[in-house]
Amino acid sequence: MQALPLRLNPGDDLRASVVAALAASGHAAGFVLQGIGSLSVAQLRFAGVPQPSELRGDLEILTLAGSISPDGAHLHMTVSDAQGRVMGGHVGGGCIVRTTAELLLALLPSQRFTREHDPLTGYAELKIS
């Protein structure tokens with residue numbers, strides 16, 4: 001395993017940046033071990049709901065974790081708003097960094113992750129090779 005710390009800047013798309021970091025590293029498998037920071041927009045898909053919900057305002061990233069492959073990322077995140085309310089779910093595209101996001105990626109040099117349709121779940125699921 002190889003650690004890759006990553007700092008994102010205001011205006012960066014969180015999900016796109018994570019996938020781009022994996023591609024730039026030359027690896028084909030990784031995990032986001034943790035992430036903290038702030039967002040101005042969060043796109044979270046809640047359990048059992050097909051489309052993400054957009055949250056706007058001053059949001060704090062409390063946790064961020066998930067797997068990364070060249071096919072994309074499967075990330076979960078919890079955020080809190082300015083009143084301290086906490087929400088979490090699947091991370092969609094369009095989560096925009098407000099001030100910073102500090103992430104720790106674990107790159108797995110001997111692995112390759114892909115996403116393939118799983119007839120049992122109906123979703124593109126992680127395949128490890």
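Hi everyone, let's start at threonine 114, which sits in strand β7, residues 113–117. Before going further, please keep in mind that this is a predicted model.

Is threonine 114 buried or exposed? With a relative accessible area of 14%, threonine 114 is buried, because the cut-off for that label is under 20%. Setting aside neighbours within four places in sequence, threonine 114 is in contact with Ser69, Asp71, Glu125, Leu126 and Lys127.

Now to serine 129, in the segment that comes after β8, residues 124–128. Serine 129 is exposed, at 51% relative accessible area. Again leaving out neighbours within four places in sequence, serine 129 has contacts with Ser110, Gln111 and Arg112.

Next, the aromatics. Searching the whole structure turns up one aromatic pair. The ring centres of phenylalanine 31 and phenylalanine 113 are 5.7 Å apart and the planes are at 85 degrees, so this pair is edge-to-face. The pair links distant parts of the chain, 82 residues apart: phenylalanine 31 belongs to strand β2, residues 30–45, and phenylalanine 113 to strand β7. As for burial, phenylalanine 113 is buried at 3% relative accessible area, while phenylalanine 31 is partly exposed at 31%.

In soluble globular proteins, nonpolar side chains tend to be buried together. Here, the largest nonpolar core has 26 residues, and Leu14, Leu39, Leu64, Met77 and Leu103 are those with the most contacts inside it. Which elements each supply at least two residues of this core? They are β1 (2–8), α1 (14–25), β2, β3 (53–69), β4 (72–80) and β6 (96–107). If you click on methionine 77 and ignore residues up to four places away in sequence, you will find that methionine 77 touches, among others, Leu14, Leu39, Ile61, Leu64, Met87, Val91 and Cys95.

Last stop, the largest pocket, which holds about 330 Å³ of space. Its lining has 15 residues, and Arg45, His74, His90, Tyr123 and Ala124 lie nearest the centre. The elements giving two or more residues to that lining are β2, β4, β5 (86–91) and β8. How does the lining of the largest pocket divide by residue type? There are seven nonpolar, four polar and four charged residues.

Technical notes:
Residues are numbered from 1 along each chain as its sequence is written. This is a predicted model: local features need pLDDT of at least 70, side-chain atom pairs count only at pLDDT 80 or more; totals for chains, interfaces and linings use all residues. Side-chain values use heavy atoms; hydrogens and water are left out. Helices (H or I, at least four residues) and strands (E, at least two) are DSSP runs, numbered from the N terminus. Buried means under 20% relative accessible area, exposed over 50%, partly exposed in between (1.4 Å probe, protein chains only). Contact means heavy atoms within 4.5 Å. Rings of Phe, Tyr and Trp (its six-membered ring) pair if their centres lie within 6.5 Å; planes under 30 degrees apart count as stacked, over 60 as edge-to-face and the rest as tilted. A nonpolar core is a set of buried Ala, Val, Leu, Ile, Met, Phe, Trp, Tyr and Cys residues joined through side-chain atoms within 4.5 Å. On a 1 Å grid over the protein atoms alone, a cavity is a set of points where a 1.4 Å probe fits but cannot get out, and a pocket is an open set with protein on both sides within 12 Å along at least five of seven lines; lining residues have an atom within 4 Å of a point. Grid points are joined across faces, edges and corners, and a volume is the space filled by probe spheres set on the points. Ala, Val, Leu, Ile, Met, Phe, Trp, Tyr, Cys and Pro count as nonpolar, Asp, Glu, Lys and Arg as charged, and the others, Gly among them, as polar.
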